[in-house]
Amino acid sequence: MNMKEMVQGLKDQYKTSDPEELVSALSISLYNRSDFENLLGMYAVIEGRPCIFLNANMNDQERRTVLAHELGHALLHRPSEGIADLVPFTLFSASSRTEYEANLFAVSLLFDEEDFNIKMLNMSNYLLKQVLDYNIEEK
C-alpha cells in the first residue's frame, strides 16, 4: 500500500481529514506547550504511549500543518521510546527519509491531488517541503 492509499484509508475509516480529529480517534495524546520557543512540534513515545506536543503560539493553519506532519511520524515512525522534533531551522527537512515520509503524509492528508499539476507520489521532498512551508509563517 502506498502513502496515498494509506491516507485515503484513514480518511475513509474515520470520515475526516482533520488531523486533530484523527489524533483523537487514534488515541494519541496531544499537548499544547506555551513554553516552546523555537520548537513547533514534537512526536514522542513516553512510557509506551504516543504523544504529540505542539507550540501553543501557532495560528490555526500552522497548527493544522504541523499536526499533520507529526501525525505522519506517529503512524509511520513509531519507535518503542523516543522523540522526534520539528524546529524552524529544519522545518520539514528535505534531507531525511523519515521527514520525506512525514511530509508526504501531511500533504496527502491536507490536500487533494487535484490541487496540484503533479501526482503527490511523484513530488520530490523539496516540493513537499515548499507546500508545507507555505503554511507556516516565519516567527
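## About the model

Because the model is predicted, local features need pLDDT of at least 70 and side-chain atom pairs count only at pLDDT 80 or more, while totals for chains, interfaces and linings use all residues. Residues are numbered from 1 along each chain as its sequence is written, and side-chain values use heavy atoms, with hydrogens and water left out.

## The overall build

Let's start with the parts list: the protein has 5 helices and 4 strands. Here, helices (H or I, at least four residues) and strands (E, at least two) are DSSP runs, numbered from the N terminus. Starting at that end, the order is α-α-β-β-β-α-β-α-α.

Of the 139 residues, 47% are buried, meaning under 20% relative accessible area with a 1.4 Å probe, counting protein chains only. The protein exposes about 7500 Å², and carbon and sulfur atoms supply 47% of that area; the areas come from the Shrake-Rupley method with a 1.4 Å probe.

## Where H1 meets H4

Now look at helix H1 (residues 3-14) and helix H4 (residues 97-110): their axes come within 9 Å and cross at roughly 50 degrees. Axes are lines fitted to C-alpha atoms over the stretch in contact, with angles from 0 to 180 degrees between N-to-C directions.

Which residues of H1 and H4 make the contact? On H1 they are Met3, Met6, Val7, Leu10 and Lys11, and on H4 they are Glu101, Leu104, Phe105, Ser108 and Leu109. Contact means heavy atoms within 4.5 Å.

Conventions. Buried means under 20% relative accessible area, exposed over 50%, partly exposed in between (1.4 Å probe, protein chains only).
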